[in-house]
Amino acid sequence: MKRILNRLMQMLVTLLGVSFITFCLAYLAPGDPVAMLLESADTIVSQEVLEKTRAELGLDKPFLVQYGNWLAGAVQGDLGMSYSAKKPVVEKLSEGFVGTLLLAFVTIIFVLIISLPLGIWSAVKQNQLPDYVVRFFAFIGVSMPSFWLGLILLYIFGLKLGWFPIASSTVTAKGIVLPAITLAIYQSTKYVRQVRTVILDELHQDYVIGARARGLSESAILWKHVLPNAILPLITLLGMSIGWLLGGVAVIEIVFSWPGIGNMAVRAIMMRDYPLIEGFVLWIAVAYMLINFLVDLSYAWLDPKLRRGEQSD
């Protein structure tokens, strides 16, 4: 319990630091967001209107006052108003979160389906033809830019074959397939190598040698002993991937016109929509820290040694 409270305190301090740095960078960024907001339609706006709008948005106050007002609102769940969308930042983020969450979920499913069998097969067939083939394609996949792979898949299955939509402004079952497969292929090439390495390490442990000496079959050793012991390192990698996906994969979302948080963040940067940018960065920080926290809890739950250590504390 003490360890959990310490982690929560660390998360709060980290969030405070992230919010301050993000707000500071937005404050020091060149350009006037008010002028860009009002002059977006190529109209000339008087200085009086600019000053009035700046006062309405609270941008005429000193930096620390602006940050204090924003932080007080953030604690209550109010991240301000989006300049470009003219709606609450929380509402705008929730719109993109749905698409990003679904994309992350489908991608992780594809990653596990692809990487676990190939990684285990490569480890079991070490230094044999299947191992060389899997490692070769994993090397090619790691070296291949994800946006380039996405464009190739979009050209073949979207433009030429017409199986999937080229662009999707809404969340649809067909629209999610190509971006999820693109991300899954990119992530699986890393997972395959990690799974192979972890399985090989476990196969050389003393308990495996003892199991073989007792006459257990290779399949029984693999599924009943090796895989349960290999799951902990893979959980860390999986947690990092989930955090990365929940942060919004901007390039892929733009390539496929997927309505996610990453796509929304890029548009916010182009429009100098600082409240939306600050909310997006805060969301990424929360997502990563929450995933890491859950990974640590899963470690304690899956590893009896860690669980006994927590109980002794």
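Author: Let us begin with a pair of charged residues: the side chains of Arg135 and Asp131 meet in a salt bridge, with N and O 3.3 Å apart. Please keep in mind that this is a predicted model.

Reader: What makes the meeting of Arg135 and Asp131 a salt bridge?

Author: The term asks for a side-chain nitrogen of Lys or Arg within 4 Å of a carboxyl oxygen of Asp or Glu, and the N to O distance of 3.3 Å between Arg135 and Asp131 meets that limit. Both residues lie in helix α6, four residues apart, which is about one turn of the helix.

Reader: Which salt bridge ties together parts that are 65 residues apart in sequence?

Author: The side chains of Arg196 and Asp131 also meet in a salt bridge, at 2.9 Å from N to O. Because Arg196 lies in helix α8 and Asp131 in helix α6, this pair ties together parts that are 65 residues apart in sequence. Arg196 counts as buried, because its relative accessibility is 14%.

Reader: Why is α6 called oblique to α8?

Author: Helix α6, residues 129-143, and helix α8, residues 173-203, pack at an angle of about 140°, with their axes 8 Å apart. Angles over 145 degrees would count as roughly antiparallel and those from 65 to 115 as roughly perpendicular, so the angle of about 140° makes α6 oblique to α8. The crossing of the two helices is left-handed. On the α6 side the contact includes Asp131, Val134, Arg135 and Phe137, and on the α8 side it includes Tyr186, Thr189, Lys190 and Arg196. The residues of this contact divide into six nonpolar, two polar and five charged.

Reader: How do you know that Glu95 forms a salt bridge with Lys87?

Author: The closest N and O atoms of Glu95 and Lys87 are 2.9 Å apart, and the limit for a salt bridge is 4 Å. Lys87, Lys92 and Glu95 are linked in a network of salt bridges. With relative accessibility of 37%, Glu95 counts as partly exposed, and Lys87, at 22%, likewise counts as partly exposed. The structure holds four salt bridges.

Reader: Why does Ser146 count as buried, and what does Ser146 touch?

Author: Ser146, which is placed in helix α7, has a relative accessibility of 19% and therefore counts as buried, the limit being under 20%. Leaving aside residues up to four places away in sequence, Ser146 touches Thr182, Tyr186 and Ile252.

Reader: Where is Ser257 found, and what is its phi near?

Author: Ser257 is found in the loop between α11 and α12, and its phi is near 50°, a positive value in a residue other than glycine. At 32% relative accessibility, Ser257 counts as partly exposed.

Key:
Residues are numbered from 1 along each chain as its sequence is written. This is a predicted model: local features need pLDDT of at least 70, side-chain atom pairs count only at pLDDT 80 or more; totals for chains, interfaces and linings use all residues. Side-chain values use heavy atoms; hydrogens and water are left out. Axes are lines fitted to C-alpha atoms, for helices over the stretch in contact, and angles run from 0 to 180 degrees between N-to-C directions. Angles under 35 degrees count as roughly parallel, over 145 as roughly antiparallel, 65 to 115 as roughly perpendicular and the rest as oblique. A crossing is left-handed if the near helix is turned anticlockwise from the far one by less than a right angle, and right-handed if clockwise. Contact means heavy atoms within 4.5 Å. Ala, Val, Leu, Ile, Met, Phe, Trp, Tyr, Cys and Pro count as nonpolar, Asp, Glu, Lys and Arg as charged, and the others, Gly among them, as polar. Buried means under 20% relative accessible area, exposed over 50%, partly exposed in between (1.4 Å probe, protein chains only).
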